[in-house]
Every structure is written in C-alpha cells, then in structure tokens.
Amino acid sequence: ASLDVVPRRERVLFYDGRPSWMSTFVRRAAERDARFASTSRIVTSTNIATDAGAPPTRLDDPTVRAKYDVIVVGAPDALSAREVAALDEFLRLRGGSVVLLLDTRAAGPYDRLAATGDWSVRDAGPALRLSATAGVRAGASSVADTALLRAAEIAWPVTLPEGATALVSDSAARPVVWSAPVGAGRLTVSGALDSWRFRDAATSGFDAFWSGVIADAAARSLPPLSVTVDPAVARPGEAVRVSVVLRDAALAAASGLHRSISVTVESRISPSNSAQPGPSETVIRLLPDGSVGRLVGTFRAPLNEGDYRMAIRSGTLDAVAPLIVRADASLASGRGRDALDPWIA
C-alpha cells in the first residue's frame, strides 16, 4: 500500500453575518486544532466587523476560491442574496466545502443552498443526546454514552435534499446535522441550535466532533491540481497510468462556462532519494482524455526498485503522487480489486 504524508494545514474561513455563540465555540475548537489555518470575520454591526488573520471583507471577493478549502458560516440567516450566490459559486466552481451553523431557524436566502422544503423545530425541553448516524466519518466522541452532541433546541428539514446524508440524529432519527452535494462541492448543515451550551467533555464530544466535520469537509474540497498513479505500487517495468485534473478548467466546462483555457502541464518522475541508482528524472507525456481539464499518460515503472515521486506542474501549481517499485509487489486485480475498493473507502 502507498500513503503520502505531506505537511499541509487546511485553510478555513469563518464568516459570521452577525455574532453567533454557536460559530464562536466551533471556531475556538478549530483554532486549537493544529490541522487548520483559520481566519475569521464577524460582522458586529453595520460597517463594523471583527477580523482575525487577514480575511476577505466580502464572500464574493474573487480571492476566496484560491485562499480557502472550507467556509464555515455562523448565523446563515443573516446572509444576503449576494453572499449566498458567492457560496454557491464556491461550491460549484471551486469544488469547495461550506458548513452552515444555524443558531436559530429563520428563513433566508441561504435556503436556496440547502434546497430543502419545510423545517421542523424543537425549541424547549431537556437536552437531547445526539448520536452519530451509521456511516458518519466526521470525528468521534470518547465519552461513555457515545453522545457526539447535546442540544435542547434543534431544527431539521422535513425531507432531506437529494443525495443528502444524515451525520447526526436524535433518538427519533431526525437529521440534526446533515451533508449534501452541491455541484462539485459539499454542503454541511447543522440544526443543533444550542449545542454550544453543552460542551462539557464528560458528556459531549463537541470540540472533537466539529474539528472532525471541518477536517472531513477540507478533505473533500478539490485541489487546484491533482495527480494519481495506478497502480501506486508497481513491479519494475510494469505499465503505470497517470491521471491529472486541472480543477478550474474541468469545473468551468462542467458548469457550462464556455471560454478558452490555455495551460501547460509538465510531468516528471524521479527517485524520492537522489542516491538511488538509475536515471534521475524521466519526462512523462500527457494527452487530453476527451474531458476538458483532464489529461492522462502511461509509462513503464522504473527497472530499479525504490520509491519515486510523480511531480506535476502547471503554471504556479504543483502536485505530487508517490510511486513505489518492488519486484515482489502483489496487486489485486479483477474481482479482487473490486472487492478491495469498498474496504479502502
């Protein structure tokens, strides 16, 4: 198996259209997590905002797509139609992830993103224990009763949108936190309105859960340039396929934006350790595969065993994928490969 470990911090923007306790405590959890490089902007009143880091002044700032992997929105009911349109483009044309943290259920332009119909609200009573729905990948609680979150006030859509998955539900199976695809991006919505009030680590996994949700959202956010090699562990001289995706070109075409895009892509494979014998670098030829923004190439794995790196460059963008060459490599194929994929997922 091949696993590539890189020193990278996920770039997260917290944006609150008004002050929100829910967003405040999720943001503090993220700021304590070394996986994230967080910036924030909180609109406290008309023309007055509190910033941390160097956030954009507006969500429709053209630099947002390039600067962030995830946008976490507190008090989404305060968003304007223009800001919602900017989030929609971030999801569809950037393939980014957006997290909406509701602290009250009020109609607003953000309903267009969520694409739900009617909502139901429980706004009083004792705190409910909210637990992970089967298949949730975002974080885990270490508390004895396995409650990821607790909340006295919750909101949930009567019908989830197409393709949505419930991440957290109450005992009545009401989807309190859920996630759905929006174009190439991913939208996560939390209806645990006052879960910030129940953050005691002895009874709730609040910090760990929200750090996990943001990390999962960042992992789903598409990089501007990506490369994969198949197989990633090959025998000497074995045929290897390399696939490259230029995100902006591919998503622009998929969204029906017809414009000319000219790019130059360089592809090279070299030993991870320069002391390895054999040629130091090999140029791989890439060709379009029929889809805009996608290129493929094939080459023979080096004859010398060792660890190699496939390096891709397009303008100022770089991407790297590992290739391990071993004479005793044993690869799943056919039905074996099909059976292995679900285990990997």
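The largest nonpolar core in this predicted model has 31 residues. Within that core, Leu130, Leu149 and Trp210 have the most contacts. Among the contributing elements, helix H5 gives the most, with 8 residues. There is also a second, separate core, made of 27 residues, and Leu13, Val73, Val98 and Leu113 are included in it.

I turn now to helix packing. Helix H5, residues 206-220, packs against helix H1, residues 21-31, at an angle of about 80°, and the two axes are 9 Å apart. Angles of 65 to 115 degrees count as roughly perpendicular, and H1 and H5 are therefore roughly perpendicular to each other. On the H1 side, the contact is formed by Met22, Phe25, Val26, Ala29 and Ala30. On the H5 side, the residues are Phe206, Asp207, Trp210, Ser211 and Ile214.

Four strands form an open sheet with antiparallel pairing, in the order S13-S15-S19-S18. Why is one side of S13 and of S18 left without a neighbour in the sheet? Strand S13 (225-230) and strand S18 (287-288) stand at the edges, each with a single partner strand, so one side of each has no neighbour there. For S13, 6 bridges join this strand to the antiparallel strand S15, residues 239-246. In that pairing, Ser226 stands opposite Val245 of S15.

Technical notes:
Residues are numbered from 1 along each chain as its sequence is written. This is a predicted model: local features need pLDDT of at least 70, side-chain atom pairs count only at pLDDT 80 or more; totals for chains, interfaces and linings use all residues. Side-chain values use heavy atoms; hydrogens and water are left out. Two strands pair if DSSP finds at least two bridges between them. Helices (H or I, at least four residues) and strands (E, at least two) are DSSP runs, numbered from the N terminus. Axes are lines fitted to C-alpha atoms, for helices over the stretch in contact, and angles run from 0 to 180 degrees between N-to-C directions. Angles under 35 degrees count as roughly parallel, over 145 as roughly antiparallel, 65 to 115 as roughly perpendicular and the rest as oblique. Contact means heavy atoms within 4.5 Å. A nonpolar core is a set of buried Ala, Val, Leu, Ile, Met, Phe, Trp, Tyr and Cys residues joined through side-chain atoms within 4.5 Å. Buried means under 20% relative accessible area, exposed over 50%, partly exposed in between (1.4 Å probe, protein chains only).
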